[in-house]
Amino acid sequence: MAGEGKPIGWTARDEREHIIRCPTCGELIDMCDLGQVIDHLHGQDVEEEPTQH
């Protein structure tokens, strides 16, 4: 999912702009709900950002 979404600095005008349609199954997802986002990964790997120690 990297590279998808809104540009940096974008802010929603209202709550409806946090809802997207899943490109895999077509269901609506509230992007503010991490549980819904994870449920709609559909087996895709999630890239981890490197940590600095």
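**Labels and their cut-offs**

Modeller: Of the 53 residues of the chain, 9% count as buried. Buried means under 20% relative accessible area, exposed over 50%, and partly exposed in between, with a 1.4 Å probe and protein chains only. This is a predicted model, in which local features need pLDDT of at least 70 and side-chain atom pairs count only at pLDDT 80 or more, while totals for chains, interfaces and linings use all residues. Residues are numbered from 1 along each chain as its sequence is written, and side-chain values use heavy atoms, with hydrogens and water left out.

Colleague: What is the mean pLDDT of the chain?

Modeller: The mean is 81, and 81% of the residues reach 70 or more. pLDDT is the predictor's confidence in each residue, from 0 to 100. Among the elements, strand S1 (residues 19-21) has the lowest mean, 90. Strand S2 (residues 28-30) has the highest, 92.

Colleague: What makes a stretch a helix or a strand?

Modeller: Both are DSSP runs, numbered from the N terminus: helices are H or I with at least four residues, strands are E with at least two. The chain has one helix and two strands. Along the sequence the pattern reads β-β-α.

Colleague: Is Cys22 buried or exposed?

Modeller: Cys22 has 3% relative accessibility, so it counts as buried.

Colleague: Why is Ile29 called buried?

Modeller: Because its relative accessibility is 3%. Ile29 is found in strand S2.

Colleague: Which residues is Ile29 in contact with, leaving aside neighbours within four places in sequence?

Modeller: Contact means heavy atoms within 4.5 Å. Ile29 meets that with His18, Ile19, Ile20, Cys22, Gln36, Val37 and His40. Take the pair Ile29 and His18: they are 11 residues apart in sequence and 8.2 Å apart in space, C-alpha to C-alpha.

Colleague: Why does Val37 count as buried?

Modeller: Its relative accessible area is 15%, so Val37 is buried. Val37 is found in helix H1 (residues 34-39). Not counting residues up to four places away in sequence, Val37 touches Ile29, Asp30 and Met31.

Colleague: What is the phi of His42?

Modeller: It is positive, about 50 degrees, although His42 is not a glycine. Most residues other than glycine have a negative phi. His42 is found in the segment after H1.

Colleague: Why is His42 called partly exposed?

Modeller: His42 has 40% relative accessibility, so it counts as partly exposed.

Colleague: Which residues does Thr24 contact, leaving aside neighbours within four places in sequence?

Modeller: His42 and Gln44. Thr24 lies in the loop between S1 and S2. The C-alpha atoms of Thr24 and His42 are separated by 7.6 Å, with the residues 18 apart along the chain.

Colleague: What share of the contacts with a separation of 6 or more comes from residues 24 or more positions apart?

Modeller: They account for 11%.
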